[in-house]
Amino acid sequence: MNHTVFNPLTLPNGTILPNRLAKAAMEENMAATAHLPGEHICQLYHTWAAGGTGLLITGNVMVDHRAMTGPGGIVLEENTPIAPFKAWAKAGTQNGTKMWMQINHPGRQVYAAMGGQVLSPSDIALDMGKHSQLFATPSPMTEAEIRELIQRFVCTATRAVEAGFNGIQIHAAHGYLISQFLSPLTNKRTDQWGGSLDNRARLLYQIVDAIKQRLPKHIAVAVKLNSADFQRGGFDANDALVVVKALGHLNVDLVELSGGSYESPAMQGNTADGRTLEREAYFLKFAKEIAKQAPMPIMTTGGIMRLPVAQKVLDEGVDMVGIGRALAFSPDLPNRWKTSPDFSAFLPNIKWKDKTLVALASLAITKRQLQRMGKGKAPKSNSSPVISLIADRMRLKKLTKIYRTRYAHK
Ligand SMILES: Cc1cc2nc3c(=O)[nH]c(=O)nc-3n(C[C@H](O)[C@H](O)[C@H](O)COP(=O)(O)O)c2cc1C
């Protein structure tokens, strides 16, 4: 029987997701003081939990305050106060909504202006053409740093459960640290953490295994993985299938398939190797092939804004539909689709020549809506990309300065 997006989904660990629509992770950069969730982010998740999405996955939460994807990010470490995270989990789990915390380490994708630690499997800096100077060259991780990192992922996951989150998603996509280990373009190691795919995936497997062993069975453990890097010689669709099968042996409950990195922003519909993606549901072609052989449910995210497309994802054999930007512009999209199946959400469509600026403006315009909702205002689909980009740069500059002086090297 074919399912509709409004049917529940039972995961391997017994978790029942109320429907097949998930809010994909979107970094909010809305931390209150000291990298903690505050009133605004709680208000934002309260709004989403009222909008009918069955599963809310948080924007990435850092496992180490010395390495941040951006300023204003949230960090959960051993000594972080738990009360703000309890309030956040409470806000996002209303109306039976499930809320999972996405946990991440950026590796080399740290803006040079931020400072802090820039680690990677090897010392290969990002190639962003004329924007390359935005990023520093990373230091290859030592064995001790890799061991510490695994413990940090476990610690953040354990504390998220203590705060009341229903699951964890490990971010192994988009060119962040775990994805840097997976890709032969960024992992040139010759020890047990590099070389064969098995070795490059060892870090991911060890993190998943350690987390699975520590968390109670009713807590879902998911992984966000690239279906491909979309760079010549990178992690590809065959690699993704092998990794998904291995994650099945580790009892992973859901794999979300996305793609790309800062160098190749496929997750926004643009690839560096020139390969074309589906116009809507960018990674469906890959996800449906992987879903045929995957031992766990598969979700795919990217470019979905209409109900017929969301339904097509399920009809092609993929189990869950991940939605990011459309839920920033229409936080009640699932509820709206129930009464207006023809309703199409808005996605920014910026047509500038400089692809890096397009990616940054698209992020900025989306984050502006998150900030509006955090203040109890409705999103605005006619926000100007230029003004949003400038406002975002100014805001981030201010937050970066605070981070550099207070936290980066402590
Ligand atoms: C503002 C913004 C922040 C994002 N932050 C994250 C993140 O923290 N973790 C992640 O896995 N993906 C992140 N993404 C990517 C989304 O999860 C998603 O993969 C991408 O936006 C494509 O889906 P969409 O077309 O439905 O937006 C972000 C996207 C946006 C627009």
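Is N251 buried or exposed? N251 is exposed, with a relative accessible area of 52%. Buried means under 20% relative accessible area, exposed over 50%, and partly exposed in between (1.4 Å probe, protein chains only). The model shown is predicted, so local features need pLDDT of at least 70, side-chain atom pairs count only at pLDDT 80 or more, and totals for chains, interfaces and linings use all residues. Residues are numbered from 1 along each chain as its sequence is written, and side-chain values use heavy atoms, with hydrogens and water left out.

**View 1. Two loop residues with positive phi.** N251 sits in the loop between α7 (237-249) and β12 (254-258). Helices (H or I, at least four residues) and strands (E, at least two) are DSSP runs, numbered from the N terminus. The phi of N251 is positive, about 65°, although N251 is not a glycine. Most residues other than glycine have a negative phi. A281 also has a positive phi, near 55°. A281 belongs to the loop between β12 and α8 (284-293). With 1% relative accessibility, A281 counts as buried.

**View 2. The shell around the ligand.** The ligand is surrounded by 21 residues, and the closest are A25, E27, Q102, G303 and R325. By type, the shell holds 6 nonpolar, 11 polar and 4 charged residues. Ala, Val, Leu, Ile, Met, Phe, Trp, Tyr, Cys and Pro count as nonpolar, Asp, Glu, Lys and Arg as charged, and the others, Gly among them, as polar. Helix α12 (residues 355-374) gives the largest share of the shell, 3 residues.

**View 3. Polar atoms facing the ligand.** Which backbone supplies a polar atom 2.6 Å from an oxygen atom of the ligand? The backbone of G303 does. The side chain of Q102 places an N or O atom 2.8 Å from a nitrogen atom of the ligand. A backbone N or O atom of N60 is 3.1 Å from a ligand oxygen atom. On its own the ligand has 600 Å² of accessible area, and the protein covers 95% of it. Accessible areas come from the Shrake-Rupley method with a 1.4 Å probe; for residues, only the protein chains shown count as cover.

**View 4. The nonpolar cores.** The largest nonpolar core has 105 residues. Such a core is a set of buried Ala, Val, Leu, Ile, Met, Phe, Trp, Tyr and Cys residues joined through side-chain atoms within 4.5 Å. W88, I170, L225, L247 and I298 have the most contacts inside the largest core. Helix α3 (residues 143-163) provides the largest share of this core, 9 residues. A second, separate core has 21 residues, including V110, Y111, L389 and Y403. In soluble globular proteins, nonpolar side chains tend to be buried together.

**View 5. S120 in strand β8.** Strand β8 spans residues 119-120 and contains S120. S120 is buried, at 0% relative accessible area. The side chains of S120 and Q180 form a polar contact of 2.7 Å. A polar contact is a pair of N or O atoms within 3.5 Å; within protein, one must be able to donate a hydrogen and the other to accept it, and residues adjacent in sequence count only if both atoms are side-chain atoms. Leaving out residues up to four places away in sequence, S120 touches R108, P138, S139, P140, M141, L177 and Q180. Contact means heavy atoms within 4.5 Å.

**View 6. T300 in strand β13.** T300 lies in strand β13. T300 is buried, with a relative accessible area of 1%. The T300 side chain reaches the backbone oxygen of L257 at 3.2 Å. Residues touched by T300 include F283, V313 and M320, when those up to four places away in sequence are not counted.

**View 7. R306 and its partners.** R306 is in the loop between β13 (298-301) and α9 (307-315). R306 is partly exposed, at 32% relative accessible area. A 3.1 Å polar contact joins the side chains of R306 and E280. Beyond four places in sequence, R306 touches E280, W337, F343 and S344.

**View 8. H105 in a loop.** H105 lies between β7 (98-104) and β8. H105 is buried, with a relative accessible area of 2%. A polar atom of the H105 side chain is 2.9 Å from the backbone nitrogen of G107.

Terms used: Near = heavy atom within 4 Å.
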